[in-house]
Amino acid sequence: MSTHPTVSTPLDAAVDPFDWLEEVEGEEALAWVRKRNDETAAALDGNPAFDGLKQSILEVLDSDDRIPEVSRLGGLYYNFWRDAAHERGLWRRTTLDSYRTAAPAWETVLDLDALNEQEGASWVWHGASALRPEPGEPWRRALVSLSPGGSDTDITREFDLIDKRFVPAEEGGFVRPPAKGDLSWVDADTVLVATDFGEGTMTTSGYPRTIRLWRRGTPLEEAEPVFEGEPADVLVTGWHSRVPGFERTVVQRAITFYTQHSYLVSGLGTADQRLLLLDLPESADVGFHREWLLVSLRDDWTVAEVEHRAGSLLAIPVNDFLAGFRVFATLFAPTPTTSLAGLSWTRHHAVLNVLDDVKNTLHVLTPPEDPAGEWVRSAFPAEGGVLAIGAGAVDPVDSDDVWVVTTGYLTPSTLSLATVTGPDAEPRPVEQLKAAPAFFDTDGLVVEQRFTTSRDGTRVPYFLVGSAGQLHPEPGAEPAPTLLYGYGGFQISLTPGYSGAVGRAWLARGGVYVVANIRGGGEYGPGWHQAALKEHRHRAYEDFAAVADALVASGITVPSRLGVQGGSNGGLLVGNMLTQYPAKFGAIVVQVPLLDMKRYSHLLAGASWMAEYGDPDDPEQWEYIRSFSPYHLFDGSREYPPVLFTTSTKDDRVHPGHARKLAALMLDAGKDVTYYENIEGGHGGAATNAQAAHMAALAWTFLARRLADYEEAGSLR
């Protein structure tokens, strides 16, 4: 370890000794990356245990026994699939009868590996949207989005579902050049386009600030303006609903990550085109279904002398709202332990997914035939008793069928098909279509949910997975290697789910796995999220540290055997565990992270997150932001646990410079740092299953070696 670091720490915010690492493709920066990657490869690659672990994880990711998720387009069911033989993937389709079988007969629609070979490209699938045809016509037109290397930047190309080919621009096909943006159908010859039209058309966050109408056969640059936002907005987007009898165009201007203006467009593409701003709270999420306007509240709202609490879901007929009425039906109102996790519409019903102390329950709501009537609540047809359950409509336009997915930390996922009925109808049986295999032995393992108390007295839940003996150790028992995972931001909830990789790489080899539901997430609704915004960010970190303390106090583990892992905002979380609570942990894995909170708002999409963290260019806000900026909290004179940083050169959402710079700063101070940067993968960190297996094996091997003295294949104990 160097006793004379060349950089003085903590850093002065006005001086950045490693700003050259922000040049993503810079020659000097990439040389530094290659050197770090070579060092990591030398330490881990070629080791039989590492190679075996990587292969074991890849077997899970490539398994033919995984459940193929499908989307219905007409009478066919589409799936995107990657495996060992199809590294970039296949877009394929089958019938429902065939899908019901153990070995469906799939028809290939688009082979991405063949396309990449043909075009000399490295396309990664970003999804597809199909145009609902006129009654009696076949489903033919789709818009397919492809990303070079997995970045958020992508292209959109029109695809013919019958001829199974892209429609080139020379034939009048819609082709959007590479940019952050989107195309969405209006009709067979018109799309709404949000993309980079040149100087001044993108926001400071790097997203489109205009939405335009593009007609077939005309140049993209001649697309007609529909709406233009402000440069400091996050983005502008829009879409058109083709539900018969309820056609409408909606434009949304995201002012910040959590505030927006929503507009209804009349006379789209005509001289009489008008936009009507909906008179709703800026912080509310707005949606439509047939005749209904849906409003999900982030803040309390009093309207028509009725107070609606934050976290509530409200509904009103669109025509009543436009006529000036403001009497809303309350479809969901939160309690101290419940929050709305999701809403899925079928043709006649709404399925609510509610979290109660981070456990799912489903409810069916049936709207009244008379808009002035009452919504009716009834039971969901699927059985409960699992740790996590979700429901999504098969086709909200003309079907009451829903896909039902159940899963748990030790329970492989199942996929069922259910038909939602009203309160007076006979419930229909649920049909289980698919069940994922068990990828690891769960014998002797248990799942528990516990609660601990954070520094300010807040009750914080967390899930634990391990053997009964590990979770309830006898006095003198050997502390278990334990991994604590968290996120704590952007109102995202962490709910139980099955992971064959976690099972094989950690649980089956003697590790304990823990997931913390800290503030900043959405587990208890908007208030749980808002409690850790900006100057209150420390609460998320105090919650996470409290869970770590509880694991040690219960005898499950000790600091030297306790690791933490997080990515993106979770990378900022564990970066603060590294710099604020280093004595509590034995190893830290930091993935695609934010770390330099002085510069974050100037790097790629960072400006869009100022509603979450604050504006570091405002001196008053920087005073609290610097208190959770790991790059500026690091002190070379302190002791730190070993740390692994991973990121992606193609991540154009969270800049790879965050990971590069803190790794360089720590290496300069002689700390135990492992670094690996994948050349592809975008913010997900990997573009293929093989890359994902490699990245996962790096993390698990690092954790095993640091927390359990693990070098070769075998048990972590």
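Reply: Start at Arg92: its charged end sits over the ring of Trp106, 4.0 Å from the ring's centre. To count as sitting over a ring, NZ of Lys or CZ of Arg has to be within 6 Å of the ring centre and within 35 degrees of the ring normal. Lys180 does this too, lying over the face of Tyr207 at 4.9 Å from the ring centre.

A quick word on what you're looking at: this is a predicted model, where local features need pLDDT of at least 70 and side-chain atom pairs count only at pLDDT 80 or more, while totals for chains, interfaces and linings use all residues. Residues are numbered from 1 along each chain as its sequence is written, and side-chain values use heavy atoms, with hydrogens and water left out.

Now find strand S3, residues 86-94. Strands (E, at least two residues) and helices (H or I, at least four) are DSSP runs, numbered from the N terminus. S3 is mostly covered, with 7 of its 9 residues buried. Buried means under 20% relative accessible area, exposed means over 50%, and partly exposed is in between (1.4 Å probe, protein chains only).

What are the neighbours of S3? On one hand, strand S2 (residues 76-83) pairs with S3 in the antiparallel sense over 6 bridges, and a hairpin of 2 residues joins S2 to S3. On the other hand, strand S4 (residues 107-111) pairs with S3, again in the antiparallel sense, over 4 bridges. Two strands pair if DSSP finds at least two bridges between them. Strands of a sheet pair through backbone hydrogen bonds, either parallel or antiparallel. Leu90 is a handy landmark here: Trp81 stands opposite Leu90, and Leu90 also stands opposite Asp111 in S4.

Strand S5 (residues 123-130) runs antiparallel to S6, joined by 6 bridges, with Trp123 opposite Pro148. Strand S7 (residues 154-160) is antiparallel to S6 over 6 bridges as well, and there Ala142 stands opposite Phe159. The hairpin of S6 and S7 has 5 residues between the strands, and Gly149 in that hairpin takes a positive phi near 80 degrees.

Back to rings, this time in pairs. Rings of Phe, Tyr and Trp (its six-membered ring) pair if their centres lie within 6.5 Å; planes under 30 degrees apart count as stacked, over 60 as edge-to-face and the rest as tilted. That rule gives 29 aromatic pairs. One of them is Trp301 with Phe328, an edge-to-face pair at 5.3 Å centre to centre and 65 degrees between the planes. This pair links distant parts of the chain: Trp301 is in strand S20 (residues 301-303), and Phe328 is in the loop between helix H5 (318-322) and strand S23 (329-332), 27 residues apart. Trp301 counts as buried because its relative accessibility is 14%, and Phe328 is buried too, at 9%. Elsewhere, ring pairs link Phe257, Tyr258, Phe490, Tyr541, Tyr600, Tyr613 and Phe628 into a cluster.
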